Amino acid sequence: MLVLVLNSGSSSVKYQVIDTEREESRVTGQVERIGSGGAILSQLRHADGQRLKETASILDHHDAIRAILDLVEDPERGVLGVGHRLDAVGHRVVHGGERFKTATVLDDSVEEGIRDCMDLAPLHNPHNLAGILAARRRMPETPQVAVFDTAFHATLPPPAFHYALPYVLYHRHRIRRYGFHGTSHRHVLRRTAMILDRAPEALKLVSVHLGNGASACAIRDGQSIDTSMGFTPLEGLVMGTRSGDVDPAVILHVMAREEIPAGDAGALLNKHSGLLGISGISGDMRDLLLEEEKGNERARLALDVYCYRVRKYIGAYAAALEGLDAIAFTGGVGENAASIRSRCLAGLSFLGVDTDQRANSRLTGGEEGVFHQGATALVVVRSGEEITIARETERVLTELGRTSARSSESLTCRRDDGYS
Amino acid sequence: MSDIQRAAVFGGGTAGRGVARVLAAAGIEVLLVESSREALDRALDALRDAMARDIGRWALTEAERDAQLARIEGTHGTTDLRGVQLVAEAIGENRREKTALLAELDGRADPEAFIFLNTSTISITELAAGLPLERQRRILGLHFLHPVSRTPLVELIRGQESSPGTVEAARRLAARLGKEVIEVAEYPGYITTRLTLVLINEAIQLVMEGVATRDAVDRAMRLRLGASHGPLALADEIGLDSVHRALESMWEGLGLPQFRPAPLLRRMVTEGWLGEKSGRGFYRYDSSGRRIPEPEDLARPGVALGSLEDDRRGE
């Protein structure tokens, strides 16, 4: 199946065309600066490495989707091949609330449901939805699926997802832990099982996604049972510019002392904290590793806090899982920063966690593999959110095809009778 | 109707700069128009200063600043307004100047362009009255509150002729900017200016009468209203000249005595004590507008009451 995977942000749409049989991406591209006359459309065609970059007037998501389809379907510059067309579209949607526990075929009522989740993810869902509306309007005949970041965590048990806050807040404002990066953790589980040649259901796995954002996930029986991000993607691990866990009283105290309004307190926690906040240098791991090497103490401190937090979560999740078979790293940092991986794992030999330093140092730049000496497998997985979105899209469409083959036949009949 | 992509903001004062910033932050290309090269340079400097301050207090990142500045183009004098879908007026609160600007805009702005007036004391209908009806239909009042980037509120005021489409465009714009819209009837001061001016004017009166110190008044009202600023600090931030002008305009418009500017305010404005922007108002400020810390003075009542008590003791 050829699936167009779309990730629509406020002023950008990222896309890939994925061949689900071969599990490979044919093209990676994006439209940036949507809303301006100087929007930039760029793509890389993987078969021949052809790169393309052009500016265009792209005023909204409709224009962006049209430009992407024109390019992807173009006989010269496209990737479909003669006589082929896109079989489906998979949309990344950040928040599915409690309603969407799995990837879901899009129709008007699902759109409405995503709109209902907007107040839970005001920075993302509106743009995800704009991409959906545009793509459905442009390709009404092509089946489209919403794949939710939160869906993999729909299996969190109540003790893991409730905050110890007045229960009425859960009812009134849906305050609970949802978790994010679900598509990535799902992919890590599948790849780790393949690399270790184990059944996914048989693994007690801690998946650690270290990228711009960062989260850990405890997986047992093939299901997420705990994860470090909560109501928003701010909780848990230290990230590039996000604080992760912090005593909520600190915020109230700082707001009063520094006379900061609520909106700016949000920016403080999301954009000025994390590695950037502690180091005062950068939120980028590469910069900090260089600075640390030069002897910068604040860079060292930032990295120490970062790695210590990861280690703490691994310990906690070993307890939650009642054992530990494997720890897997993914994401830009998780895939490339071997020294960070070994720092996160230091001192965990009591859990059977022992790093094979030589193997570890070889696993960078997209190499997948294992790097353990002890009983607990240590794995690096290349991130594959887009491939997982494509696979999920195929899965739900195949299931739908099986269960509703009959009803779609009758739909076709009705179309022949009335609509053509 | 497509969303607004390109706007012009007339006036590079506190309000105009604030409006330019929130528009740019929402991804809109902004022309910031001032009357002269010098005024424009001052406005752009002040804009950069304000952004630096916001970065310092974690409200803005450097990347966000760069993105916003890239979308704001400063110009002065006669500006080409072709392709501008929205003109946001934010020049001083002066009836004559606003009327003249509107007449000029009518000749230069695209016929479909909306014109949103940022006034709180002058009638939209009166300002628009001299223009062709089609133009009047595309004009309304959209009152941004200071500080524009942090106040999640705009007051929306329909003029007599403002069309429903224009109101809808204003509501959509406000939603994009993350501002809640409160619609108010066309009447001097609307809600916020009317109440804020009385609060400030009475606070100044209190200090003048010696009922309490500046710090005591501000602290009491901050705690009473759960606000980040007391009325005197707020007056400094708005600019004492602006406060003074607004009070005069309200006094003119409503004839209510509570809007007669307190003599102390008049005197401070005459002396050039204009608040944050001049380095001195009720408080002192450094060149970047940061308040210079002073020990808080919550001392007991001053001159006026003191002398009353003396009088009483004498009886």
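This is a predicted model: local features need pLDDT of at least 70, side-chain atom pairs count only at pLDDT 80 or more; totals for chains, interfaces and linings use all residues.
**Exercise 1.** Work out how chain B is divided into domains and which classes of residue line the side of domain 1 that touches domain 2.

*Solution.* Start with the bounds: in chain B, domain 1 covers 6–183 and domain 2 covers 192–306. Next, take the C-alpha centres of these two domains of chain B, which are 27 Å apart. Then look at the contacts, counting two residues as touching if their C-beta atoms lie within 7 Å. In chain B, 10 residues of domain 1 meet 13 residues of domain 2. Finally, sort the domain 1 side of chain B by class: two residues are nonpolar, four are polar and four are charged.

**Exercise 2.** Find the domain bounds of chain A and the separation of the domain centres.

*Solution.* Domain 1 of chain A runs over 2–145. Domain 2 of chain A is written in two pieces, 182–230 and 280–383. With the bounds in hand, the C-alpha centres of domain 1 and domain 2 of chain A come out 30 Å apart.

**Exercise 3.** Explain why chain B counts as being as compact as a globular protein of its length.

*Solution.* First, list the elements: chain B has 13 helices and eight strands. The globule rule gives 20 Å for 315 residues, and the radius of gyration of chain B is close to that at 21 Å, so chain B is as compact as a globular protein of that length. For the extents, the C-alpha atoms of chain B fill a box of roughly 75 × 45 × 35 Å along the principal axes. Now turn to burial: 43% of the 315 residues of chain B count as buried. Lastly, consider contacts in chain B between residues at least 6 apart in sequence; 69% of these join residues at least 24 apart.

Conventions:
Residues are numbered from 1 along each chain as its sequence is written. Chains are lettered from A and ligands numbered from 1 in the order in which they are written. Domain bounds come from an automatic or database domain assignment. Ala, Val, Leu, Ile, Met, Phe, Trp, Tyr, Cys and Pro count as nonpolar, Asp, Glu, Lys and Arg as charged, and the others, Gly among them, as polar. Helices (H or I, at least four residues) and strands (E, at least two) are DSSP runs, numbered from the N terminus. The radius of gyration is taken over C-alpha atoms; the globule rule is 2.2 Å times the number of residues to the power 0.38. A residue is buried if 20 or more other C-beta atoms lie within 10 Å of its own, exposed if 12 or fewer, and partly exposed in between; C-beta atoms are placed from the backbone.
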